[in-house]
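Please keep the sequence and the 3D view open while reading.

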Amino acid sequence: MKFARVQTSIGPKYARLDENDTAHLLAEAPWIHLKETGEALPLTNTKLLAPVAPSKVLCVGRNYAAHAKELGNEVPKEPLLFLKPPSSILDPFGTVILPQQSARVEHEVEVALIVGKRCARVSPKEAASYIFGYTCGGDITARDLQRADVQFSRAKGFDTFCPLGPFIETDLQALTDGGSGLSVQCSVNGVLKQSGSTRDMVFNLATLVSYMSHAMTLEPGDVLLTGTPEGVGPLVSGDRVAMVIGGLSPLAFVIGTA
Ligand code: ZN
């Protein structure tokens, strides 16, 4: 199934999308209760919001060996976790604002997992049952500030630095399917810059969920970003970015200045 979050006259609402892209409004987040209110809106003239409003966005760095290498880093022996603040989330088709403090902002495309139920200290085997669905995530990074600060909060935490969406899809087998993998791609102005596969992850999705859940409780609606393949590069004002993951709907956004 496919879910969106849309702006309505009474505030943000979750919705189930049917095959005609009509949004059927839900009474609650779909991971809580799948109850439709009976109201339906055509998606074409509806403001799309990021598909979830999480309590946290928990991320892993250097989870594709070739990407760790391109930045001159070792592949970590254990997942390297960091957080992006919820205030960094950008609605689909929005504008990433380049901060004045940075001269080098880069794109990172990542598979985003949406947590479906509270999750603490689960095994990799149990992990799949805690995941509600998948969407596209951007881990936009001020690379110069990341190097200067050593830790990542500022470099990856600016407003608009977490484009997310457009929809949550629940029918991907990525977590449990070790064989086929999902393609993970990012293009800038129509030129393919990043192209990887979840097969090339150092720590697979189930291992990551388990590892993360041993560090902190994952709440329903939390977003987990799972690392980026090689090919990261700079973004400038006016760039058009498209992130495409497996069979998910593509996430597009533009780059601008304040
Ligand atoms: Zn990243």
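Contact here means heavy atoms within 4.5 Å. By that criterion, and not counting residues up to four places away in sequence, H214 touches R121 and V122. H214 lies in helix 5 (residues 205-215), where helices (H or I, at least four residues) and strands (E, at least two) are DSSP runs, numbered from the N terminus. Although H214 and R121 are 93 residues apart in sequence, their C-alpha atoms are 4.4 Å apart in space.

## Basis of the model

The model is predicted, with local features needing pLDDT of at least 70 and side-chain atom pairs counting only at pLDDT 80 or more, while totals for chains, interfaces and linings use all residues. Residues are numbered from 1 along each chain as its sequence is written, and side-chain values use heavy atoms, with hydrogens and water left out.

## The zinc site

The zinc ion is coordinated by E108 (OE), E110 (OE) and D139 (OD), at 2.0 to 2.1 Å; donors are N, O and S atoms within 2.8 Å of the metal (3.2 Å for Na, K and Ca), and water is not among the atoms, so sites may look incomplete. Along the chain, the donors of the zinc ion follow the spacing E-x1-E-x28-D.

E108 is found in the loop between strand 10 (105-106) and strand 11 (109-115), and D139 in the loop between strand 12 (131-138) and strand 13 (141-142), so the pair ties together parts that are 31 residues apart in sequence. E108 and D139 are both buried, a term that means under 20% relative accessible area, as against exposed at over 50% and partly exposed in between (1.4 Å probe, protein chains only).

Five strands, in the order 9-19-18-15-16, form an open sheet with mixed pairing; two strands pair if DSSP finds at least two bridges between them. Strand 9 (95-98) and strand 16 (191-197) are the edge strands, each pairing on one side only.

Within this sheet, strand 15 (residues 183-188) and strand 18 (residues 240-245) pair in the antiparallel sense over five bridges, and C186 has M243 of strand 18 as its bridge partner.

## Cysteines without disulfides

A search of the whole structure finds zero disulfides, a disulfide being a pair of cysteine sulfur atoms within 2.5 Å. For C119, the nearest cysteine sulfur, that of C59, is 16 Å away, and C119 is buried with a relative accessible area of 1%. The sulfur of C162 is 6.7 Å from the closest cysteine sulfur, in C59, which is too far for a bond; C162 is also buried, at 0% relative accessibility.
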